[in-house]
Amino acid sequence: MSEQIRLNKFLGANYGVSRREADDLIAAGKVLVNGKTAVLGARIFDNDEVLVEGKNILKKKLRYFALNKPVNYVCSRKRQGDTPTIYELLPADMQELKSVGRLD
């Protein structure tokens, strides 16, 4: 049997939103699982069909990269004042990547 995952976690990883934004989409009735309107706290299996506003959301294949972060860069998606972010170093096709920690 396949392992279950929380729907908001699945959407966060595969739709590019935060878990809180995923909860908002679910609460607004914009998410369908196997043709039925999803509810907050729902769990899904790998083979379930998930639609957000009619768009089929497929499970992304994970990619991992190591980046030696330059001094004075932050791991935030948004600039904090004049401080650049690591996302400014990445090409356009890597902008959806999430930073997961550091090795220090």
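I started at Gly16, which follows α1 and has a positive phi, near 75 degrees. I note that the model is predicted. I placed Gly16 in the loop between α1 and α2. Is Gly16 buried or exposed? I read a relative accessible area of 61%. The cut-off for exposed is over 50%, so Gly16 counts as exposed. I then checked a distance across the sequence. Gly16 and Lys98 are 82 residues apart along the chain, and I find their C-alpha atoms separated by 9.5 Å.

**α1**

Next I went through α1, which spans 7–14. Which residues of α1 are buried? I list Leu7, Asn8, Phe10, Leu11, Gly12 and Asn14. That makes six of the eight residues in α1, so the helix is largely enclosed by the rest of the structure.

**α2**

I moved on to α2, residues 19–27. Its buried residues are Ala22, Leu25 and Ile26. Just after α2, I logged Gly29 with a positive phi of about 75 degrees.

**The sheet**

I traced the strand order next. Four strands form an open sheet, ordered β3-β2-β5-β6, and I read the pairing as antiparallel. Which strands are at the edges? I find β3 (36–37) and β6 (55–57), each pairing on one side only. I recalled that strands of a sheet pair through backbone hydrogen bonds. I looked at one pair by itself. β5 and β6 run antiparallel to each other, with three bridges between them. I found Val52 opposite Lys55 in β6.

**Thr85**

I turned to Thr85, in the segment after β6. Is Thr85 buried or exposed? I read 2% relative accessibility, and the cut-off for buried is under 20%, so Thr85 counts as buried. I then listed what it touches, leaving out residues up to four places away in sequence. The contacts of Thr85 are Tyr73, Val74, Ser76, Arg77, Lys78 and Arg79.

**The largest pocket**

I noted its volume as about 1,400 Å³. Of the 39 residues that line this pocket, I find Arg63, Leu97, Lys98, Ser99 and Val100 closest to its centre. Which elements give two or more residues to the lining? I find α1 and α2. The largest share, five residues, comes from α1. I also sorted the lining by residue type. I get 16 nonpolar, eight polar and 15 charged residues.

Note on methods. Residues are numbered from 1 along each chain as its sequence is written. This is a predicted model: local features need pLDDT of at least 70, side-chain atom pairs count only at pLDDT 80 or more; totals for chains, interfaces and linings use all residues. Side-chain values use heavy atoms; hydrogens and water are left out. On a 1 Å grid over the protein atoms alone, a cavity is a set of points where a 1.4 Å probe fits but cannot get out, and a pocket is an open set with protein on both sides within 12 Å along at least five of seven lines; lining residues have an atom within 4 Å of a point. Grid points are joined across faces, edges and corners, and a volume is the space filled by probe spheres set on the points. Ala, Val, Leu, Ile, Met, Phe, Trp, Tyr, Cys and Pro count as nonpolar, Asp, Glu, Lys and Arg as charged, and the others, Gly among them, as polar. Buried means under 20% relative accessible area, exposed over 50%, partly exposed in between (1.4 Å probe, protein chains only). Two strands pair if DSSP finds at least two bridges between them. Contact means heavy atoms within 4.5 Å.
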